[in-house]
Amino acid sequence: MAMAPDAMLYVADAVNEDRRRLENLQLIDGWQSTVIGWTGPKLRDSSRQLLCQGLLTKWSRTATKKVHSNQRWFFLFDSVLVYCKGTPACVRKGKWDDNSILESGEGLTFKGRIDTRNIALLDMEDGKGHAETNGQAVRFAFKISNQAKGKWYILACSSQDEKDHWMECLLSEQERYLTSQAGRMSRIQPSDHTALKLRSLLGRPAPLLGKPVIRSIKSGLRQYRACFSGEDLVTWLIENQWEGIKDSEAAILYGQSLVDDGVIHHIYDKFGFENSCKLYRFRTDDGTYSDKAIVHDINKIGIRIYLRVHGAESHTLVRNIVHHMKSFPTCFEGADLVDWLIDYQYVQNRSHGKIMGTALLQAGIIHHVSDEHDFEDKPYLYRFTADDSASSVNLCEKQSKILVNKTIDSAARIHVITKQGGSFGFVLTSSKPAWIRSVDEGSPAELAGLFPGDFVLKVNDTVVTQFDHFD
C-alpha cells in the first residue's frame with residue numbers, strides 16, 4: 001500500500017507526457033499543412049518537437065558553379081532541418097517565440113529539408129572568403145552538409161550569440177541521434193550496402209511494369225538515362241515488401257530516407273521524394289555518390305595529409321608556382337594532389353581522389369588560390385588553408401592568435417591568448433609539429449581553452465608545423 005502513491009504519480013506523469021507529445025504532434029501537423037508546396041514525408045513521421053528557428057542567410061553553389069545567396073527561415077526539428085522562403089505570419093505581428101511560430105505556417109513556402117542524421121557541421125572563421133561565397137567574407141557563419149543534394153551550405157547568422165545557439169542546438173541534435181538506438185545501429189549496419197543491392201534489383205524487369213524500374217525515360221523532349229519515377233519505385237517497394245514496406249506511406253518515407261542519405265536524388269536536385277512521375281536517379285549512376293567514410297573522417301584525414309605533405313618525404317607537392325606571369329607561393333595543382341593521394345595509398349583511383357579533394361575543400365582544409373573553383377582533378381592551383389600566410393612568428397606580442405588541433409583526430413580551432421605577467425601559461429615540446437606538454441592552472445592558456453596534447457599549427461597566421469619550440 002505504501003508504494004501505491006508512487007505508482008499513481010508515475011502513471012500520472014506518463015499520461016501527461018503522452019498528452020504533451022500528442023499536442024506537439026498536432027501542432028507540427030497543423031504547421032506543416034499551412035506551409036505552401038510541402039513535399040516528401042510528413043514531419044510527424046520523424047519529429048516530435050521544434051528545437052530552434054530563425055532567419056539565416058544561405059550561401060550555396062549551383063550545379064553550374066554559380067554562387068548565390070538568399071535569406072531563408074530555418075526550422076530545426078528533432079531529426080530534420082527545414083528551410084522555407086518567406087516570413088511566418090506571426091513574426092509580422094511581432095511574435096517570435098517557438099509556440100507562436102508553430103501555430104501556423106502561413107506566409108511560408110517550403111524550399112528544402114536536411115536530414116540531421118548524416119550532417120557534417122563545420123565552424124567558420126569570421127571575415128574570411130570562401131568558394132561558396134565567391135570569395136566574399138562572411139561573419140557569424142557555419143557550414144553544414146546536405147547529403148540529399150550532395151553539397152554544402154554556408155549559413156550566416158546576425159550575431160555571435162545567434163550563431164552559438166544554432167551550433168549548440170545542431171551539435172546536441174547530432175549527439176542525441178548518435179547515442180540513440182537508431183544511431184548506434186546505423187554505425188553497425190550502414191544503409192549503403194542495402195541501398196546498392198536495391199539498385200541492382202531495380203535494374204531487372206519488374207513483373208507489374210513489364211520492364212526494369214531503372215531505365216531510360218523520355219520526359220518532354222529529353223531522354224533521361226538510368227532513372228526512375230517516384231511512383232514506379234513506390235509500386236516496386238510495396239509489391240516486393242522491401243524492408244517490410246506494405247503501404248505507400250511507408251514507401252514514401254523510405255524513398256525520402258534514400259534521398260536524405262545521399263543515395264538517390266531528383267534529376268535536377270529540386271524536390272524531395274514524391275509518389276509521382278518526377279524522375280530520380282541513384283547517385284552511383286551519375287558519379288555524384290560520396291563515400292560517407294571519407295566525409296565523416298575528413299578532419300582526421302586532412303590533418304594527417306597536411307603534416308605528411310609538409311614532411312621531408314613529399315615536400316615536392318607544395319611549391320611556388322608561376323601561372324600567367326604571376327607567382328603563387330606554397331600551392332599545388334589539383335591533379336598533382338590526386339597523384340599524391342594515390343601514391344601514398346589514401347585512395348585507390350582518380351575518381352576517389354577527386355572525392356577526397358572535394359571533401360578537403362568543403363571542410364576548409366584546402367581552397368582554390370582565388371576561391372573561384374571547386375576541387376578538380378586538373379592543373380588548377382590550390383593551397384592548404386594553414387599555408388595562407390607567410391608572416392613571421394612573434395610570440396613576444398602581448399596578444400597572440402594560436403591555431404591548435406585537439407590531438408590528431410579532431411578539427412582545428414583558433415584561440416586568442418593575452419599574456420599575463422609576461423607568460424602565456426603553457427609549455428611546448430621540441431618536436432615538429434610542437435605540441436603542448438603542460439598548461440598552468442588559471443593561466444591565460446587554460447582560460448583560452450588550450451589543453452595538454454594540443455598540436456600547434458599556426459601562430460599569428462604563420463604556419464609552425466615545421467618549427468620547434470625554440471623557433
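**Aromatic pairs and strand pairing**

A search of the whole structure, a predicted model, finds 17 aromatic pairs. Rings of Phe, Tyr and Trp (its six-membered ring) pair if their centres lie within 6.5 Å; planes under 30 degrees apart count as stacked, over 60 as edge-to-face and the rest as tilted. Trp31 and Phe77 form a tilted pair, with 5.6 Å between centres and 55 degrees between planes. This pair links distant parts of the chain, since Trp31 lies in helix α1 (residues 4-34) and Phe77 in strand β2 (residues 67-77), 46 residues apart. Helices (H or I, at least four residues) and strands (E, at least two) are DSSP runs, numbered from the N terminus. Both Trp31 and Phe77 are buried (under 20% relative accessible area, 1.4 Å probe, protein chains only). Trp236 and Trp242 also form a tilted pair, at 5.8 Å and 50 degrees, and both are buried. Ring pairs join Trp31, Trp38, Phe75, Phe77 and Phe110 into a cluster.

Strands β16 (residues 319-323) and β17 (residues 326-333) run antiparallel and are joined by four bridges; two strands pair if DSSP finds at least two bridges between them. Arg319 stands opposite Cys331 of β17. The two strands β16 and β17 form a hairpin with two residues between them, and His324 in the turn has a positive phi of about 55 degrees. Strand β17 is also joined by two bridges to β19 (residues 381-384), again antiparallel, with Phe332 opposite Tyr382.

Residues are numbered from 1 along each chain as its sequence is written. Local features need pLDDT of at least 70, side-chain atom pairs count only at pLDDT 80 or more, totals for chains, interfaces and linings use all residues, and side-chain values use heavy atoms, with hydrogens and water left out.

Note on methods: Buried < 20%, exposed > 50% of the residue type's maximum accessible area, 1.4 Å probe, protein only.
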